[in-house]
Amino acid sequence: ADSQANRPRPYPGWGLLPCEGDLVSIERVGVVGAGQMGGGIAEGCAKAGAHVVVYEPSAELVEAGRARI
C-alpha cells in the first residue's frame with residue numbers, strides 16, 4: 001500500500017519563510033531565453049506590470065520566442 005511516509009516531503013518552510021524589512025517592488029525584469037520557461041516568466045512579469053527585456057542570441061530565436069509569448 002502507498003503511505004504518506006514513503007512520499008518525498010517538500011522543504012518544511014516552503015512558502016512560509018519570514019519576511020523581515022520592507023517588501024521590494026520589482027519594476028524591471030531581464031530574461032535570458034524565450035523558450036518555454038523564459039517565455040512564461042516574461043509573460044507573467046509583463047502581465048504583472050513589469051517592464052520586461054528578453055535576450056535571445058539570434059533573430060530566429062527572437063521570432064520563435066515572440067510567437068510563444
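Helices here are DSSP runs of H or I with at least four residues, strands are runs of E with at least two, and both are numbered from the N terminus. The side chains of E63 and R66 form a salt bridge, with an N to O distance of 3.4 Å. A salt bridge requires a side-chain nitrogen of Lys or Arg within 4 Å of a carboxyl oxygen of Asp or Glu.

E63 is partly exposed at a relative accessible area of 46%, while R66 is exposed at 56%. Buried denotes under 20% relative accessible area, exposed over 50%, and partly exposed the range in between (1.4 Å probe, protein chains only).

## Basis of the analysis

The model is predicted: local features need pLDDT of at least 70 and side-chain atom pairs pLDDT 80 or more, whereas totals for chains, interfaces and linings use all residues. Residues are numbered from 1 along each chain as its sequence is written, and side-chain values use heavy atoms, without hydrogens or water.

## A salt bridge in helix α1

The salt-bridge count is two. In the pair E43 and K47, the closest N and O atoms are 3.2 Å apart. These residues are four apart in helix α1 (residues 36-47), which means that about one helical turn separates E43 and K47. E43 is partly exposed, with 28% relative accessibility; K47 is exposed, with 68%.

## A buried glutamate without a salt bridge

E56 is located in the loop between β2 (51-55) and α2. E56 is buried but has no salt bridge, and R68, the nearest side chain of opposite charge, is 5.7 Å away. For charge, Lys and Arg count as positive and Asp and Glu as negative, with His and the chain ends not counted.

The E56 side chain comes to 2.5 Å from the backbone nitrogen of A34. Apart from neighbours within four places in sequence, E56 contacts G33, A34, G35, L61 and V62, a contact being heavy atoms within 4.5 Å.

## Overall architecture

The protein contains two helices and two strands, arranged along the sequence as β-α-β-α. Of its 69 residues, 16% are buried. Among contacts with a separation of 6 or more, 29% join residues 24 or more positions apart.

How values were computed
Polar contact = N/O pair within 3.5 Å; in protein donor to acceptor, adjacent residues only side chain to side chain.
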